[in-house]
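Here are my notes on the model you sent.

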Amino acid sequence: MQTATRQNRQIRLAARPQGMTDASTWNLTQETAPVAGPGQVLVQVLYLSLDPAMRGWINEGESYMPPVAVGEVMRALAVGRVLQSQHADFAEGDYVSGLLGAQEYALSDGKGLFKVDPRLAPLPRYLGAFGMPGLTAYFGLNVVGELKDGETVLVSGAAGAVGAIVGQLAKARGCRVIGIAGGADKCAYLTQELGFDAAIDYKSQHVAQELARLCPQGVDVFFDNVGGDILDAALTRLAVGARIVICGAISQYNNQQPVRGPANYLSLLVKRATMKGMVVGDYYPRAMEGLQALAGLAQQGKLKAREHIVQGLEQFPQAFNMLFTGENQGKLVLQLSE
Ligand code: NAP
């Protein structure tokens, strides 16, 4: 009886945005929650992940995933609890993570759904350090960036979900780590809490000048989350044989003009450096390796994480924009239920 009347609130894409999203981008809708059929599970979404990539998913056109269609429930990673199961691998009460969408209840056929254990870590952490951002940091740094012990590592977006893990992974390898972030508080978090060797506040400091001062021998690995001017500044400070990991370019995601390419790219020639893009999904078959490494470091006290939790599905539109104003302090998560 209760099942038949359960209501499912959802965030749907109302219109493709020009620039930053606003209230007109999204619709909060409601419909009767579905019921699990054979081979399916019904999941109650508890925590919804807000990720910069979601801004790209609502643009028209070709990407590494098809765009979310206007009218569709917004694609989103989430953690939830299995309410009903007709699937052999999942039982009622299991906690799971996957692409469940921006909604309170989601049906799944089990593909891409992973069990998570709330006794090992708080549930939101499976959307951050022990989830997609953590894996991005781990594989981006080690595989794409080919990190070697003791190198000099620069990371932009350093106080965010991915960047904070990148810096700590590099510190655990004996590297010298410099982070770039917006504001004194975030910079203090990097050096005082996370053990970065130095931090540059791109909002109040001249990034290229600071890099020249802090990295006179150049940077071996630049893990870039931001693109634009910060990428250009980093290109002026490469060591010979440097690797640049193009993880993201958040400074460009709301551009109304075409994305601007790096002006200083000829440093790649001069320094015999490489610049390589990555998509974390390519490494999901190896996820266990990354998760074990991340959990191992956390156990040794070498990996700290923080989540920025906003309450309520109806806060989705405002909360999403925090990623682009820099208001989030750590992995941004929307809590939908206890
Ligand atoms: P996040 O860093 O937790 O949050 C976004 C942060 O970006 C903001 O807090 C803000 O920090 C910074 N930012 C926003 N606009 C900026 C601008 N114009 N210039 C400089 N910094 C700006 O987000 P995240 O989840 O860790 O993602 C970071 C990057 O990784 C994004 O580019 C994302 O697309 C990318 N990513 C890529 C993959 C992949 O597979 N390639 C996977 C996950 C994430 P400040 O206050 O410091 O400005």
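1. Sheet order. Six strands form an open sheet in the order S10-S9-S8-S11-S12-S13, with parallel pairing. Strands pair here if DSSP finds at least two bridges between them. Strands are DSSP runs of E, at least two residues, and helices are runs of H or I, at least four residues; both are numbered from the N terminus. The edges are strand S10 (198-201) and strand S13 (274-277), each pairing on one side only. From one strand to the next, the twist averages 15°.

2. Basis. This is a predicted model: local features need pLDDT of at least 70, side-chain atom pairs count only at pLDDT 80 or more, and totals for chains, interfaces and linings use all residues. Residues are numbered from 1 along each chain as its sequence is written, and side-chain values use heavy atoms, with hydrogens and water left out.

3. Strand S8 (residues 152-156) runs parallel to strand S9 (residues 176-181), and five bridges join them. Serine 156 sits opposite isoleucine 180 in S9.

4. Helix on the sheet. Helix H7 (residues 228-235) packs on the sheet. H7 touches S8, S9, strand S11 (219-224), strand S12 (238-246) and S13. Contact is heavy atoms within 4.5 Å. The direction of H7 makes about 160° with that of S12. Axes are lines fitted to C-alpha atoms, for helices over the stretch in contact; angles run from 0 to 180 degrees between N-to-C directions.

5. Core. The largest nonpolar core has 49 residues. Such a core is a set of buried Ala, Val, Leu, Ile, Met, Phe, Trp, Tyr and Cys residues joined through side-chain atoms within 4.5 Å. Leu141, Val153, Leu169 and Leu190 touch the most other members. Elements that each supply at least two residues include strand S3 (41-49), helix H4 (161-172), helix H5 (184-193) and helix H9 (287-299). Helix H3 (132-144) is another of them. The largest share, seven residues, comes from H3.

6. Salt bridges. The count is 14. The criterion is a side-chain nitrogen of Lys or Arg within 4 Å of a carboxyl oxygen of Asp or Glu. Glutamate 104 pairs with arginine 9, the closest N and O atoms being 3.2 Å apart. Glutamate 104 lies in the loop between strand S5 (95-98) and strand S6 (105-108), and arginine 9 in strand S1 (residues 7-13), so this pair ties together parts 95 residues apart in sequence. Glutamate 104 is buried at 15% relative accessibility, while arginine 9 is partly exposed at 23%. Buried means under 20% relative accessible area, exposed over 50%, partly exposed in between (1.4 Å probe, protein chains only). A network of salt bridges links Arg9, Glu104 and Glu314.

7. Two further pairs. Arginine 12 and glutamate 31 meet in a salt bridge (3.3 Å, N to O). Arginine 12 is in strand S1 and glutamate 31 in strand S2 (residues 26-32), 19 residues apart. Glutamate 289 and arginine 286 also form a salt bridge, at 3.1 Å. Both are partly exposed: glutamate 289 at 34%, arginine 286 at 37%.

8. Cysteines. A disulfide needs a pair of cysteine sulfur atoms within 2.5 Å, and the count is zero. Cysteine 175 is buried at 2% relative accessibility, and cysteine 215 is buried at 1%.
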